[in-house]
Amino acid sequence: ADQTATAKEIRQTTKFSLFLAGLVLAYLTIFVRCAYRIAELAGGWGNPIMRNDTEFIILEGVMIVIATLALTAFHPGLLFPQMSPKKRTAPNGILGEKDVSETESPSPYQV
């Protein structure tokens with residue numbers, strides 16, 4: 001795999017490892033939740049697993065909360081600011097809007 005020097009540098013950082021760890025944690029917690037839901041619904045509406053509130057709270061709600069926190073805490077926008085587009089000041093003085101130059105075609109969604 002031919003990678004740029006910047007990509008190689010980023011892959012070797014602690015921030016990249018944290019991002020991957022957060023992504024894997026989110027994946028695993030959502031996977032556990034899905035496995036629980038399959039087991040819960042496999043026996044139909046009378047399934048005893050469906051009647052256990054503690055298991056439901058832990059394997060449904062807590063798993064999603066953990067996944068959400070992992071993806072929020074280790075968001076690529078926070079860990080890799082060098083990969084985000086540079087903020088510019090638009091002619092109207094508002095920070096963050098991108099100037100449309102002659103080489104760029106304006107977005108069809110701009111008003």
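**Entry 1**

I started at Y27, which is exposed, with a relative accessible area of 56%. This is a predicted model, so I'm reading everything here as a prediction. The cut-off I had in mind for Y27 was the one for exposed, over 50% relative accessible area.

Next I asked what Y27 belongs to on the surface. Y27 sits in a nonpolar patch together with V24, L28 and F31, and the four share about 430 Å² of accessible area. I looked up V24 as well: V24 is partly exposed at 46% relative accessible area, and its place is in helix α2, residues 14–42.

**Entry 2: aromatic pairs**

How many aromatic pairs does a search of the whole structure find? I got four. One of them is F16 with F80, a tilted pair with 6.1 Å from centre to centre and 50 degrees between the planes. I then checked where the two rings come from. F16 is in helix α2, while F80 is in the segment after α4 (76–79), so this pair links distant parts of the chain, 64 residues apart. F80 is buried, at 7% relative accessible area.

Then back to Y27, for its ring. The ring centres of Y27 and F31 are 6.3 Å apart and the planes make 20 degrees, so I noted the pair as stacked; the cut-off for stacked is planes under 30 degrees apart. Why are Y27 and F31 separated by about one helical turn? Because they are four residues apart in helix α2.

**Entry 3: the core**

I went on to the largest nonpolar core. It has five residues, and I wrote them down as I10, F16, F19, L79 and F80. F16, F19 and F80 also turn up as one aromatic cluster.

I wanted to know what F19 touches once its neighbours within four places in sequence are set aside. The contacts I found for F19 are F74, P76, L79 and F80. Of these, L79 and F80 are listed in the core as well.

**Entry 4: salt bridges**

My search of the whole structure gave three salt bridges. I took R33 with E60 to begin with: the closest N and O atoms are 3.0 Å apart. R33 lies in helix α2 and E60 in helix α3 (residues 53–73), so the bridge ties together parts that are 27 residues apart in sequence.

E60 has another partner, R37, with the closest N and O atoms 3.5 Å apart. This pair links distant parts of the chain too, with E60 in helix α3 and R37 in helix α2, 23 residues apart.

R37 in turn meets E40 in a salt bridge, at 3.3 Å from N to O. Here both residues lie in helix α2, three residues apart, about one turn of the helix.

Which residues are linked in the network of salt bridges? I put down R33, R37, E40 and E60.

**Entry 5: what I'm keeping**

For links across the sequence, I'm keeping F16 with F80, R33 with E60 and R37 with E60.

Conventions
Residues are numbered from 1 along each chain as its sequence is written. This is a predicted model: local features need pLDDT of at least 70, side-chain atom pairs count only at pLDDT 80 or more; totals for chains, interfaces and linings use all residues. Side-chain values use heavy atoms; hydrogens and water are left out. A nonpolar core is a set of buried Ala, Val, Leu, Ile, Met, Phe, Trp, Tyr and Cys residues joined through side-chain atoms within 4.5 Å. Buried means under 20% relative accessible area, exposed over 50%, partly exposed in between (1.4 Å probe, protein chains only). Contact means heavy atoms within 4.5 Å. Patches are made of residues with over 30% relative accessible area and no salt bridge: like charges are joined within 9 Å, nonpolar side chains (Val, Leu, Ile, Met, Phe, Trp, Tyr) within 5 Å. Accessible areas come from the Shrake-Rupley method with a 1.4 Å probe; for residues, only the protein chains shown count as cover. A salt bridge is a side-chain nitrogen of Lys or Arg within 4 Å of a carboxyl oxygen of Asp or Glu. Helices (H or I, at least four residues) and strands (E, at least two) are DSSP runs, numbered from the N terminus. Rings of Phe, Tyr and Trp (its six-membered ring) pair if their centres lie within 6.5 Å; planes under 30 degrees apart count as stacked, over 60 as edge-to-face and the rest as tilted.
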